Amino acid sequence: MSYILRDARKYEEINSRLIAQRPGFHLSARVGWMNDPNGFSWYKGRYHMFYQYYPYQTEWGPCYWGHAVSDDLLHWEYLPAALAPDQLYDRTGAFSGCAVTMEDGRQALIYTGNVDVEMPDGSCLREQTQNIAFGDGIDYVKYEGNPIMDKALLPKKASTMDFRDPKVFRHNGHWYCVTGSQKSCDHDGQLLLFRSEDLINWQFDHILVENKGRFGLMWECPDFFELDGKYVAITSPQDMLPRGFEYHNGDGTLCLIGSADENLNFTEEHDQAIDYGIDFYAPQTILTPDGRRVMIGWMQNWDTSRAVDRRMDRWIGQMTLPRELHLINNRLYETPVRELENLRRNKVEHHGILIDDEIELPDISGRRVDLTVRVRPVEAENLYRKFAIHFAEDADFHTTLSFHLEEEITKIDRKHSGSRRAIIHQRRALTPCAKPGEWSVRLILDDNSAEAFINNGEYVMTVLIYTRISADQISFVCQGKAIMDVEKYDLQ
């Protein structure tokens, strides 16, 4: 073990003891900084989550791999940091990657080694390679023959500076690896597919997907998997431009749904954003032992993360709630992982509530809650105009989730949530109703986060809120008349 990794392990062990407050059921940085999920996997009977990590400060730095394990995807036990930037080929960062179980029982971590060299003119010359480490679920040894993939394998025009985030999977008896890439000539994003028999010796197979100028520039943090009879490619493009109500986050997320033949030649059929809120990036999926495709993402946004006040924090960064994925009518649906139901306590129900103003309901409050709300018109010919939920609310603060019926738009708004910085506060999504005026949401709150699963998970909006925990009121507002059903659980 290098002294760099040893020192990081000592630092995180000592300093994590000083942290008193964490989210109830979201994985957060053990100490310091967290971004992308890495190596989401099942190994030795437990879920493993690694993550991009800089333990020494609450801001991005040379990346390590943090490590945690769970039995239920909700309660996480921290393990010592798994990787450090301690070799010549990864000395400025052990960047994102994946984890797989080998035939001999070892766990392999495949990751991007990053090397940044400042040039005399002030520019940065970057080289990225793919590397591997072998371990037992706690300690990992980097392969002496690293890197296992470098610029010699890249196709013509692929950038050697932006070649990262390997996701490895099995198909037809072979190992395949999809990586993020962009073309050096025009910075256009693409996903590259490589093939191997032993995880060590790789060859370029083909370009899995080309951007062709559609969705931003560099494509990073890719995943590729089969789901409900289709194939799905997900990635996080940088510098996206909005298209209607899609792709509003700049550095955002993209889901491509289509078909693939035996050789994994992919044909696109549909594209969409993965999350329509503010704080979601770099998702990664796992196939659980019982056959579910579950996704987790970094609950942050690069633009807003730079504006967060960190003076009082010993940690910053958390992951989203794990989400089960399904395809319905060629569209991605997301629902909270079913294990969340085991945390439910103190069920409260209100049915058939007539609402035509602002109301609060008995026993509907809290900051760790699972709240389902269904709204419908009183009369088909007399539709309400707007329905809203205020949460994390007191006399000074609140965050609002609202549905605007005429436009069929759902909006998340945190401008009154207590933020002291000029960050993004609002996002809108076009959320058509199955029947006129019928709208539903399952809203999961966990201290400083909110995840809204709209219309049975057809749309999801994720947001962080910087509101004092004592602000725990929930109220409902309607312009016009509507009928409302509410079901609420405390989450413990």
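User: Before we start, what are the ground rules here?

Analyst: This is a predicted model, so local features need pLDDT of at least 70 and side-chain atom pairs count only at pLDDT 80 or more, while totals for chains, interfaces and linings use all residues. Residues are numbered from 1 along each chain as its sequence is written, and side-chain values use heavy atoms, with hydrogens and water left out.

User: Why is Asp446 called buried?

Analyst: Buried means under 20% relative accessible area, exposed means over 50%, and partly exposed is in between (1.4 Å probe, protein chains only). Asp446 has 0% relative accessibility, so it counts as buried.

User: What does Asp446 touch?

Analyst: Contact means heavy atoms within 4.5 Å. Not counting residues up to four places away in sequence, Asp446 touches Pro23, Gly24, Phe25, His26, Arg367 and Arg368. Pro23 is 423 residues apart from Asp446 along the chain, yet their C-alpha atoms are separated by 6.1 Å.

User: What makes the pairing of Asp446 and His26 a polar contact?

Analyst: The term asks for a pair of N or O atoms within 3.5 Å; within protein, one must be able to donate a hydrogen and the other to accept it, and residues adjacent in sequence count only if both atoms are side-chain atoms. The side chains of Asp446 and His26 make theirs at 2.6 Å, so the distance passes the 3.5 Å limit.

User: Why does Glu246 have no salt bridge?

Analyst: A salt bridge is a side-chain nitrogen of Lys or Arg within 4 Å of a carboxyl oxygen of Asp or Glu. For Glu246, which is buried, the nearest side chain of opposite charge is Arg331, 4.5 Å away.

User: Which polar partners does the side chain of Glu246 have, then?

Analyst: One is the side chain of Tyr276, in a polar contact at 2.9 Å. The Glu246 side chain also reaches the backbone nitrogen of Ala273 at 2.8 Å. Glu246 itself is in the loop between strand E14 (230–237) and strand E15 (254–260).

User: How do you know that Arg331 and Glu458 form a salt bridge?

Analyst: Their closest N and O atoms are 3.9 Å apart, so the pair makes it under the 4 Å rule. The two are 127 residues apart, with Arg331 in strand E21 (residues 331–336) and Glu458 in the loop between E30 and strand E31 (459–464). Arg331 and Glu458 are both buried.

User: What makes Arg195 and Asp205 partly exposed?

Analyst: Arg195 has a relative accessible area of 25% and Asp205 is at 24%, so each falls in the band between 20% and 50%. Their side chains meet in a salt bridge (3.4 Å, N to O).

User: Why can Met119 belong to a nonpolar surface patch?

Analyst: Patch residues need over 30% relative accessible area and no salt bridge; like charges are joined within 9 Å, and nonpolar side chains (Val, Leu, Ile, Met, Phe, Trp, Tyr) within 5 Å. Met119 has 31%, so it clears the area limit. With Val117 and Leu125, Met119 makes a patch of about 220 Å², the area coming from the Shrake-Rupley method with a 1.4 Å probe; for residues, only the protein chains shown count as cover.

Note on methods. Helix = DSSP H or I, 4+ residues; strand = E, 2+ residues; numbered from the N terminus. Lys, Arg positive; Asp, Glu negative; His and termini not counted.
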